[in-house]
Amino acid sequence: MHMRILSTYAETISDGIGLRYAIYFAGCIHRCSGCHNPESWRADRGRIVDEVYLSEIIAEIQANPLLDGITLSGGDPFYDSSQLEKILKRLKKATNKNIWCYTGYTYEQLIADETMRACLTYIDVLVDGRFEKEQADPTLYFRGSRNQRILLLKNGLIVKEFHFEE
Ligand code: SF4
């Protein structure tokens with residue numbers, strides 16, 4: 001099975017620090033109440049990430065010297081973690097940009113799974129956890145609800161947690 005991408009944004013400032021290239025993947029199992037994008041739950045929509053498409057994305061990123069990094073969102077990029085690992089590896093090697101990744105899983109859930117844990121080694125900042133309507137707060141930076149954490153990672157381990165509102 002190949003992952004699909006619903007949309008890409010060549011430049012965004014709302015999906016992490018700085019000017020970023022954002023990739024929105026299709027597919028999510030979390031079904032959070034109050035999800036901003038339930039259309040992204042289905043994994044069979046969007047364009048299949050094959051070699052041609054991934055090369056196009058990488059070329060677009062390499063052509064923009066103003067970019068600070070890349071953000072993966074969705075849906076949930078971890079919907080198919082074995083595919084995600086290959087995509088992350090290519091993106092990191094070809095661009096050397098810092099990578100933010102949003103997921104409905106918690107960090108603890110991810111490290112309990114071998115393939116998911118392997119993905120973390122390519123991710124610089126993980127925004128983790130489901131969207132919890134009861135903890136939603138529109139004043140938060142780069143996250144939707146208070147339970148979600150913005151974690152700086154190194155080699156897959158947590159270095160620190162960011163709280164940009166403080
Ligand atoms: S993890 Fe994100 S995309 Fe998935 S249901 Fe929750 S809010 Fe929606």
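This is a predicted model: local features need pLDDT of at least 70, side-chain atom pairs count only at pLDDT 80 or more; totals for chains, interfaces and linings use all residues.
**A walk across the sheet**

Residues are numbered from 1 along each chain as its sequence is written.

Strands here are DSSP runs of E, at least two residues, numbered from the N terminus. Two of them pair if DSSP finds at least two bridges between them. β1 (residues 4-12) and β2 (residues 20-25) run antiparallel, with 5 bridges. β1 also runs antiparallel to β3, through 2 bridges, and there I5 faces R47.

Now zoom out. What is the order of the 8 strands in the open sheet? It goes β3-β1-β2-β4-β5-β6-β7-β8, with mixed pairing. The edges are β3 (47-48) and β8 (157-162), each pairing on one side only. For a parallel example, take β4 (residues 69-73) and β5 (residues 98-102), joined by 4 bridges; I70 sits opposite I99 there.

Last stop, D137, in the loop between β6 (125-128) and β7 (149-154). Is D137 buried or exposed? D137 counts as exposed because it has 10 C-beta neighbours inside 10 Å; the cut-offs are 12 or fewer for exposed, 20 or more for buried, and partly exposed in between, with C-beta atoms placed from the backbone. Beyond neighbours within four places in sequence, D137 contacts S145 and R146, a contact being C-beta atoms, placed from the backbone, within 7 Å. Thanks, everyone!

Technical notes. Two residues are in contact if their C-beta atoms, placed from the backbone, lie within 7 Å.
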